[in-house]
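Trainee: I have a new structure open and would like to learn how to read it. Could you walk me through it, one feature at a time?

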Amino acid sequence: MPELAEVELSRRIWDPALGGSILRVSLQARNRVFRGLHPAALTRALNGRTLMRSIARGKQMAFVFGDPTDPSGSSHWLGLHLGMEGSLHLEAASGFTPGKHDHLVLWQKQHALVFRDIRHFGRVLFHAGADEPAWWSALAPDLTSPAFTPAALTAFLQRRRNAPLKAVLLMQERFPGVGNWMADEILWRARLHPAARAGTISETEMWILWREVRHVCRESIRRIDADWNYPPSWLFPHRWRNGGRCPRCRTALLREAIGGRTTCWCPRCQPATTKKPRAKTVTPGRR
Ligand SMILES: [Zn+2]
């Protein structure tokens, strides 16, 4: 499942097509990626429209189409979710023939904008109108935005105080786009054991966790431009290798399934805790 940074990277693939209008739409209407949609209506709506901008939030992308000559400013939103193995491609329009798994192709004069999904777990969404679609506004705020506050984090951890921290960080309704390796990186940086219950962490640890969530999200997006070159001071380059060592203290890393996912952590930097979850809500103090 693609994480935040991979989705951001995918979003940019169609950037050269910004400002160009759609001359034709071809799609495989019966494929399950279009579930709940009227593909014919989508085709009609996008024909002749210009690709104005695109945004990514967590694992969801939105491509906004408009008509620069339309004074109403009404826009059409195409939502794409990559599912397990969906991908975007930009092909030269001349000579391109859509393949079996190219479920949606938007043709411009020079480019063919392709959504490919071999396993069909992806999803296409669509909305026409001046307002943001509900499927977009319902997404949790970006973790790098001011809307993700320490108070919001505290409240969420308290509501799930009996769940292991690793499982909580994978909950997309609060941590959009955080996947397995990012959750491990965040907990390692915050020096928190992945199996510790969310309700056991102190006020100070809460602040550190909040800071590291933002740091890992911001940096992973920034560094995708550098060929996924995460520095050796991160857990990331070490967590994949059996026998990997903690880049901070050189202790052998451990791997075990926590929260249903293979988790990697340093037993020295992230010691297990025997604390019981607190019943009361903690209010974070001033920085
Ligand atoms: Zn360590």
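**Reading strands, domains and helices**

Mentor: Let's begin with a pair of strands: S5 and strand S7 (residues 111-116) run antiparallel and are joined by six bridges. Keep in mind as we go that this is a predicted model.

Trainee: What holds strands of a sheet together, in general?

Mentor: Strands of a sheet pair through backbone hydrogen bonds, and the pairing can be parallel or antiparallel. To find a spot in this pair, look for Leu90, which stands opposite Leu113 in S7.

Trainee: In what order do the strands of this open sheet come?

Mentor: The order is S1-S6-S7-S5, four strands with antiparallel pairing. Strand S1 (24-27) and strand S5 (87-92) are at the edges; each has a single partner strand, so one side of each has no neighbour in the sheet. On average, neighbouring strands here are turned by 15 degrees against each other, if direction is ignored.

Trainee: Now let me step back. How many helices and strands does the protein have?

Mentor: There are eight helices and ten strands. The C-alpha atoms fill a box of roughly 60 × 40 × 30 Å along the principal axes, and 35% of the 287 residues count as buried.

Trainee: Into which domains is the protein divided?

Mentor: Domain 1 covers 4-137 and domain 2 covers 150-265. Their C-alpha centres lie 32 Å apart.

Trainee: How many residues of each domain are in contact with the other?

Mentor: Eight residues of domain 1 are in contact with nine residues of domain 2. On the domain 1 side, helix H1 (residues 4-12) gives the most, with five residues. That side of domain 1 is made up of four nonpolar, one polar and three charged residues.

Trainee: Is the crossing of H1 and H7 left-handed or right-handed?

Mentor: The crossing of H1 and H7 is right-handed. Select Leu4, Ala5 and Glu8 of H1, then Cys217, Ser220 and Ile221 of H7, and you will have the residues that make the contact. By type, the contact of H1 with H7 has four nonpolar residues, one polar and one charged.

Methods: Residues are numbered from 1 along each chain as its sequence is written. This is a predicted model: local features need pLDDT of at least 70, side-chain atom pairs count only at pLDDT 80 or more; totals for chains, interfaces and linings use all residues. Domain bounds come from an automatic or database domain assignment. Two residues are in contact if their C-beta atoms, placed from the backbone, lie within 7 Å. Helices (H or I, at least four residues) and strands (E, at least two) are DSSP runs, numbered from the N terminus. Ala, Val, Leu, Ile, Met, Phe, Trp, Tyr, Cys and Pro count as nonpolar, Asp, Glu, Lys and Arg as charged, and the others, Gly among them, as polar. Two strands pair if DSSP finds at least two bridges between them. Axes are lines fitted to C-alpha atoms, for helices over the stretch in contact, and angles run from 0 to 180 degrees between N-to-C directions. A residue is buried if 20 or more other C-beta atoms lie within 10 Å of its own, exposed if 12 or fewer, and partly exposed in between; C-beta atoms are placed from the backbone. A crossing is left-handed if the near helix is turned anticlockwise from the far one by less than a right angle, and right-handed if clockwise.
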